[in-house]
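The structure is shown first, and the description follows.

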Amino acid sequence: MVSALREVKLSSPDRVLFPEDGITKGDVFAYYERVAPTLVPHLRDRPFTMKRYPHGIDGEVFFQKQAPKHLPDWIPTRQFRTWPREGGSRLVDFALVNSPEAVLFMVQNNCIDMNAWYSRVDKPDRPDFVLFDLDPPDDGFELAIEVAHLIRELLDDVGLPGYVKTSGADGIHVVAPIVRRASFEQTYNFAEQASRLLERRHEGKVTTEWLKKKRRGVLVDHRQNGHGKTIASVYSVRPKPGAPVSTPLRWDELTRDLRPRAFTMQVALERVEQHGDLFAAVLEEARPLAAAAKKLERLGSEP
């Protein structure tokens with residue numbers, strides 16, 4: 001329960017955020033109130049971007065990096081320089097979602113999914129995982145499942161653990177936790193080399209082609225490993241019909257009959273109760289990237 005000193009008052013609980021399903025702001029708030037103790041370790045000390053849906057998932061959405069003026073004093077902030085697309089740079093005070101109450105504050109401010117950096121404030125230039133973001137073609141989720149297993153096999157070959165979750169939309173995220181020594185440039189290069197190796201090995205199944213009309217197979221998007229990128233955290237509700245949740249899986253659950261939209265808020269809560277946090281190891285099982293990168297380079301040079 002939220003303490004009296006950190007009470008988050010929910011306004012407009014009956015506002016419908018998911019029109020096709022009748023899911024309200026109050027429903028989303030109730031989900032995060034229950035899942036927050038499991039979610040917070042994955043957000044703690046990571047600069048947070050507010051992605052706000054004041055009129056539900058079919059309305060205008062806007063991103064807010066600067067912490068709002070009405071941010072409670074019990075939600076800490078840290079300042080970092082950012083480089084907006086329109087040019088120049090600016091200093092931004094990012095909120096840190098370090099408590100269940102902070103999660104609920106974000107929901108009260110119309111955040112549906114929880115988006116945070118790959119790195120933490122004590123080492124902002126040192127990510128603690130490599131992300132393989134799988135974007136399948138239309139009706140290609142079964143192929144994405146096959147490609148996710150190919151990524152896991154390659155990670156096994158180079159000595160990195162891999163953990164899998166639904167993106168909560170139509171894709172799959174494979175996360176490889178690493179010791180916080182590598183730079184974003186190094187994680188980007190590793191993800192690119194791994195993706196291009198899989199593309200060569202499995203032509204027609206794996207692609208790194210950015211233009212959708214030129215793709216053949218599942219896009220493994222190494223570009224998502226850039227500095228300042230955010231990821232919809234594990235256990236995030238996604239702004240898609242049915243309010244699916246980005247849900248961690250065991251590898252043996254990633255079978256051809258799996259459907260990502262089946263992981264609703266209720267299913268996600270039941271899985272936490274049954275299995276605990278299947279992504280806890282992402283915070284605990286880091287391995288050095290340098291050794292894996294050398295093995296990957298050797299694999300890439302083989303005929």
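Predicted model: local features only at pLDDT ≥ 70, side-chain atom pairs only at ≥ 80, totals over all residues.

## The largest pocket

Sorted by class, the residues lining the largest pocket comprise 13 nonpolar, 11 polar and 14 charged. The lining has 38 residues in total, and Phe63, Arg85, Gln224, Lys229 and Thr230 are those that lie nearest the centre of the pocket. The space inside the largest pocket amounts to about 1,400 Å³.

Two or more lining residues come from each of the elements β3 (47-52), β5 (77-82), β7 (115-117), β8 (129-135), β12 (218-221) and β13 (230-232). Among these, β8 contributes the most, with four residues.

## The largest cavity

Two cavities of 30 Å³ or more are present in the structure. The volume of the largest cavity is about 170 Å³. Its lining consists of 15 residues, and His42, Phe129, Ile231, Ser233 and Val234 are the closest to the centre.

At least two lining residues of the largest cavity are supplied by each of α1, β7 and β13. The strands β7 and β13 also give two or more residues to the lining of the largest pocket. By class, the lining of the largest cavity divides into 11 nonpolar, two polar and two charged residues.

## The second largest cavity

In terms of class, five residues of the lining are nonpolar, two are polar and one is charged.

## The contact of α1 with α5

Helix α1 (residues 25-43) packs against helix α5 (residues 265-275) at an angle of about 20°, and the two axes are 11 Å apart. The helices are therefore roughly parallel, since angles under 35 degrees count as such. The crossing of α1 past α5 is left-handed.

On the α1 side, the contact involves Asp27, Val28, Tyr31, Arg34, Val35 and Thr38, which meet Met265, Gln266, Ala268, Leu269, Val272 and Glu273 of α5. Seven of the residues in this contact are nonpolar, two are polar and three are charged.

Helix α1, for its part, supplies at least two residues to the lining of the largest cavity.

Methods: Residues numbered from 1 in each chain as written. Heavy atoms only, no water. Axes fitted to C-alpha atoms, helices over the stretch in contact; angles between N-to-C directions. Parallel < 35°, antiparallel > 145°, perpendicular 65-115°, else oblique. Left-handed = near helix turned anticlockwise from the far one by under 90°. Contact = heavy atoms within 4.5 Å. Nonpolar A, V, L, I, M, F, W, Y, C, P; charged D, E, K, R; others polar. 1 Å grid on protein atoms, 1.4 Å probe; cavity = no way out; pocket = protein on both sides within 12 Å on 5 of 7 lines; lining within 4 Å. Points joined across faces, edges and corners; volume = space filled by probe spheres on them.
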